[in-house]
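Dear colleague,

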Amino acid sequence: TDQVIYQIMIDRYRGDEGAALAPPATLGSRAGGTLDGVRASIEDGSLDRIGVTTVWLSPVYRNPTGMRDGHEYESYHGYWPADGRAVDDRIGGDAALRRVVEVAHAHGMRVILDLVPNHVDETNPLYAEHGKDGWFNPTGCVCGDEDCPWGEFIQSCWFASYLPDVHFQHDAAIDYAAEEARYWLDTFDLDGFRIDAVK
């Protein structure tokens, strides 16, 4: 309750060494922001000057490439985890996240990460391995569709047809999600999470 939290959508923030970003080719395209851009804004005092004590980063998972969904946008936001234990190389990879946390801690700041346990991308190996053994809710109910209203199916609907929804009533699935959270904390010395799609 005593923190000043600054949320950063990494792809839309700054490029390497803090470089300003040009507008993306389309509203749904990547703009090229990186974790090194976040690191630079901590080191140059930009965040100190506005009183930031905690940096909240958008998801850093490796995400699929290319446009999707008929809306012509790609995974610049990070919410389509294609690998739940790797930092996307397009934003700098594992080493860049370690450096952000190291620099933030040296400046007395905390770093929290947006964690996405609710679903995976269809290309995630976890879905190939456990898609048929109860780890995921059945396909066919996409949140907000006429026959799949949010209010009635919030705990089991898929956000999109390519985002398999984790069935947290399955013991092994919930255990895996907890292990994955612990992986991020232990591997990168994070200070906590904002958990996406809690319901």
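**Cavities and pocket**

The largest cavity has a volume of about 140 Å³. Of its 16 lining residues, P117, L126, Y176, A177 and E180 are the closest to the centre. The model is predicted, so local features need pLDDT of at least 70 and side-chain atom pairs count only at pLDDT 80 or more, while totals for chains, interfaces and linings use all residues. Residues are numbered from 1 along each chain as its sequence is written, and side-chain values use heavy atoms, with hydrogens and water left out.

On a 1 Å grid over the protein atoms alone, a cavity is a set of points where a 1.4 Å probe fits but cannot get out; a pocket is an open set with protein on both sides within 12 Å along at least five of seven lines; lining residues have an atom within 4 Å of a point. Points are joined across faces, edges and corners, and a volume is the space filled by probe spheres set on them.

Two cavities of 30 Å³ or more were counted.

The largest pocket has a volume of about 250 Å³. Among its 17 lining residues, P117, F168, I174, A197 and V198 lie nearest the centre. Helix α6, residues 171-188, gives the most to this lining, with four residues.

Yours sincerely

How values were computed:
Helix = DSSP H or I, 4+ residues; strand = E, 2+ residues; numbered from the N terminus.
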